[in-house]
Amino acid sequence: MRIFLLIISFINTILYILIYAFYDYILNLFGTIPLSAEFLSFAKLAVLAVVGFCIGLNVSLLLKLNIDKSFFDIRNFVIIGFIPAICLLLSEGTITNFIIVKFFGSDKKLTELVFYLFSRQIIWTLWFGFSIGSSVRINFKKRLKHKITYRADQTGAHGDT
């Protein structure tokens with residue numbers, strides 16, 4: 001099952017990378033789409049987050065963890081995903097511009113530093129998706145259900161002999 005999921009996840013990753021790479025051309029195939037530019041930009045970042053998730057899931061599947069049940073590792077997600085989540089929030093621009101103007105007096109060097117640091121939404125989105133995918137822990141052990149066997153010499157249901 002692990003090999004099957006690795007192959008499917010790898011194929012998914014390749015397909016989503018192709019969708020992201022040809023996103024503008026795919027939109028041109030549909031002609032004029034009556035959607036806002038913000039929604040189209042969000043959709044492009046969502047596809048990139050799914051690419052990061054698939055890559056992180058591949059990493060998680062390659063690890064041979066001895067776990068009892070499948071779960072989402074919140075501690076791992078917080079450790080890996082804290083920085084890209086904050087950077088994604090600050091990459092909007094209005095929040096960082098407010099902080100720079102209010103506390104630093106519109107310093108040009110600081111404004112350029114913040115612009116180059118937070119303007120790379122692609123990197124932060126990919127990292128955030130990777131942190132979600134690598135936090136998924138899947139158990140591949142087969143669990144045996146409780147098997148009840150009855151013998152002819154057992155007592156009745158109420159303990160009668």
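## A predicted helical chain at a glance

The chain has seven helices and two strands, where helices (H or I, at least four residues) and strands (E, at least two) are DSSP runs numbered from the N terminus. This is a predicted model, in which local features need pLDDT of at least 70, side-chain atom pairs count only at pLDDT 80 or more, and totals for chains, interfaces and linings use all residues. Residues are numbered from 1 along each chain as its sequence is written, and side-chain values use heavy atoms, with hydrogens and water left out.

**Overall layout**

- Reading from the N terminus, the elements follow the order α-α-α-β-α-α-α-α-β.
- Of the 161 residues, 25% count as buried; buried means under 20% relative accessible area, exposed over 50%, and partly exposed in between (1.4 Å probe, protein chains only).
- The accessible surface of the chain is about 12300 Å², and carbon and sulfur atoms account for 69% of that (Shrake-Rupley method with a 1.4 Å probe; for residues, only the protein chains shown count as cover).
- Among contacts (heavy atoms within 4.5 Å) between residues at least 6 apart in sequence, 85% join residues at least 24 apart.

**How H1 and H3 pack**

- Helix H1 (residues 2–21) packs against helix H3 (residues 37–62) at an angle of about 155 degrees, with the axes 9 Å apart.
- That angle makes H1 roughly antiparallel to H3, since angles under 35 degrees count as roughly parallel, over 145 as roughly antiparallel, 65 to 115 as roughly perpendicular and the rest as oblique.
- The axes are lines fitted to C-alpha atoms, for helices over the stretch in contact, and angles run from 0 to 180 degrees between N-to-C directions.
- H1 passes H3 in a left-handed crossing, meaning that the near helix is turned anticlockwise from the far one by less than a right angle.
- Residues of H1 that meet H3 include Leu-5, Phe-10, Tyr-16 and Ile-17, while those on the H3 side include Val-47, Val-51, Cys-54 and Leu-61.

**A closer look at Asn-58**

- Asn-58 sits in helix H3 and counts as buried, at 11% relative accessibility.
- Leaving aside residues up to four places away in sequence, Asn-58 touches Leu-6, Ser-9, Phe-10 and Thr-13.

**Cysteines and Leu-117**

- Cys-54 counts as buried because its relative accessibility is 5%, and Cys-87 because its value is 8%.
- The model has zero disulfides, a disulfide being a pair of cysteine sulfur atoms within 2.5 Å.
- Leu-117 lies in helix H6 (residues 108–118) and counts as partly exposed, at 41% relative accessibility.
- Leu-117 and Cys-87 are 30 residues apart along the chain, with 8.4 Å between their C-alpha atoms.
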